[in-house]
Amino acid sequence: MSTWELTAIIFGGAAGAGFLGSLTGLGGGIVIIPLLSVGLGVDIRYAIGASLVSVIATSSGAAAAYVREGFTNIRIGMFLEVATTLGALGGAVVALYIGPAAIAVIFGMVLVYSAWSTVRAAPGDATAVPADALATRLKMNGTFPAADGPRSYNVKNVPAGFALMALAGVLSGLLGIGSGALKVIAMDRIMKMPFKVSTTTSNFMIGVTAAASAGVYLNRGYIDPVLALPVMLGVLAGSLVGARFLAGARTRTLRLVFAVAVVGLAAEMIYKGVSGRI
């Protein structure tokens with residue numbers, strides 16, 4: 001395989017990952033790492049480094065479009081990012097002292113949980129909830145575009161969501177993903193935000209979380225520009241296309257497509273990690 005052929009494969013896979021990541025709020029890293037480490041035999045730490053760069057690209061590409069369209073709750077994103085950034089720094093440091101096989105197994109289990117939680121969630125957007133005193137005081141309630149015009153929503157359980165965001169940050173630093181699965185779960189299931197607001201706010205947040213982790217990997221030499229460049233460009237292109245599809249996409253369909261894709265990836269990652277083939 002020539003260098004150009006390999007670059008084209010990486011770019012194509014990254015574009016698909018960026019498309020899926022921008023629609024579901026999970027970041028392209030959840031697909032990029034298995035593609036590079038299992039499919040192409042790249043050392044998992046270099047795969048994580050390239051993934052972190054791709055997550056930053058996903059956030060940069062999709063988040064701007066979502067903010068412009070009025071989906072993203074910037075106030076919530078900035079508040080919760082405090083927890084995820086601190087967690088990401090701790091997770092990145094821990095990852096440097098854990099073997100590749102262990103990281104692969106942990107990553108596979110995170111994928112399984114992400115798929116399970118996605119399918120288990122009720123279809124459609126979150127139902128209306130009463131106003132929460134803390135969220136109201138912090139001015140977190142908002143509106144988002146819907147087919148029948150702007151729809152308002154309230155936010156609940158801010159402390160519990162903040163705590164889960166810290167865990168999401170640790171996983172981001174440890175596994176090189178945007179940890180969008182836990183971010184979306186925290187906002188959609190715990191804080192009772194509409195699904196599309198949760199995914200777009202997650203996209204807004206994952207870039208900052210990944211940037212905190214990427215600094216540690218860059219300092220240790222695990223970000224290879226030759227590998228990271230086609231990954232970044234592919235994910236950026238895919239995320240921009242995905243941003244155009246979100247408004248008219250069916251929430252249930254997005255969740256099912258994601259679940260089917262990641263279950264297969266999870267099985268492969270866990271098998272490779274347990275058998276020591278990574």
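**Thr201 and its surroundings**

Tutor: We begin with a residue and its partners in this predicted model. Neighbours within four places in sequence aside, Thr201 is in contact with Thr72, Asn73, Gly77, Met187 and Met193.

Student: In which helix does Thr201 lie, and is Thr201 buried or exposed?

Tutor: Thr201 belongs to helix α9. The cut-off for a buried residue is under 20% relative accessible area. With a relative accessible area of 0%, Thr201 is therefore buried.

Student: Which backbone atom lies 3.1 Å from a polar atom of the side chain of Thr201?

Tutor: Among the contacts of Thr201 are Thr72 and Asn73. The side chain of Thr201 has a polar atom 3.1 Å from the backbone nitrogen of Asn73.

Student: Where is Thr72 found, and with which residues is Thr72 in contact, leaving aside its neighbours within four places in sequence?

Tutor: Thr72 is found in the loop between α3 (44–69) and α4. Its relative accessible area of 12% is below the 20% limit, so Thr72 is buried. Once neighbours within four places in sequence are left aside, the residues in contact with Thr72 are Ala63, Tyr66, Val67, Thr200, Thr201 and Phe204.

**Packing of α4 and α9**

Student: At what angle do helix α4 and helix α9 pack, and how far apart are their axes?

Tutor: Two packed helices are described by the angle between their axes and the distance between the axes. For helix α4 (residues 74–95) and helix α9 (residues 195–219), the angle is about 30 degrees and the axes are 8 Å apart.

Student: Are α4 and α9 roughly parallel or roughly antiparallel, and in which hand does α4 pass α9?

Tutor: Angles under 35 degrees count as roughly parallel. At about 30 degrees, α4 and α9 are therefore roughly parallel to each other. The contact is made on the α4 side by residues including Gly77, Glu81, Thr84 and Ala88, and on the α9 side by residues including Thr201, Phe204, Met205 and Val208. The crossing in which α4 passes α9 is right-handed.

Student: Why does the distance between the end C-alpha atoms of α10 agree with the span the helix should have?

Tutor: Helix α10 comprises 21 residues, 225–245. The expected span is 1.5 Å times one less than the number of residues, so α10 should span 30 Å. The end C-alpha atoms of α10 agree with this, because they are 30 Å apart.

Student: Which residue caps the N-terminal end of α10?

Tutor: The backbone nitrogen of Val226 lies 3.1 Å from a side-chain oxygen. That oxygen belongs to the residue capping the N-terminal end of α10, Asp224.

Student: Which residues does Gly18 touch, not counting residues up to four places away in sequence?

Tutor: Gly18 lies in helix α1 (residues 3–24) and counts as buried at 0% relative accessibility. The buried residues of α10 include Val235, Gly238 and Ser239. Not counting residues up to four places away in sequence, Gly18 touches Val235, Gly238 and Ser239.

**Loop residues**

Student: What is the phi of Lys192?

Tutor: Lys192 is in the loop between α8 (180–190) and α9, and is partly exposed with a relative accessible area of 33%. Lys192 is not a glycine, yet has a positive phi of about 60 degrees.

Student: With which residues is Pro130 in contact, leaving aside its neighbours within four places in sequence?

Tutor: Pro130 is placed in the loop between α5 (100–120) and α6 (133–137) and counts as exposed at 55% relative accessibility. Along the chain Pro130 and Val155 are 25 residues apart, while their C-alpha atoms are separated by 8.3 Å. Neighbours within four places in sequence aside, the contacts of Pro130 are Asn154 and Lys156.

**The chain as a whole**

How values were computed
Residues are numbered from 1 along each chain as its sequence is written. This is a predicted model: local features need pLDDT of at least 70, side-chain atom pairs count only at pLDDT 80 or more; totals for chains, interfaces and linings use all residues. Side-chain values use heavy atoms; hydrogens and water are left out. Helices (H or I, at least four residues) and strands (E, at least two) are DSSP runs, numbered from the N terminus. Buried means under 20% relative accessible area, exposed over 50%, partly exposed in between (1.4 Å probe, protein chains only). A polar contact is a pair of N or O atoms within 3.5 Å; within protein, one must be able to donate a hydrogen and the other to accept it, and residues adjacent in sequence count only if both atoms are side-chain atoms. Axes are lines fitted to C-alpha atoms, for helices over the stretch in contact, and angles run from 0 to 180 degrees between N-to-C directions. Angles under 35 degrees count as roughly parallel, over 145 as roughly antiparallel, 65 to 115 as roughly perpendicular and the rest as oblique. A crossing is left-handed if the near helix is turned anticlockwise from the far one by less than a right angle, and right-handed if clockwise. Contact means heavy atoms within 4.5 Å.
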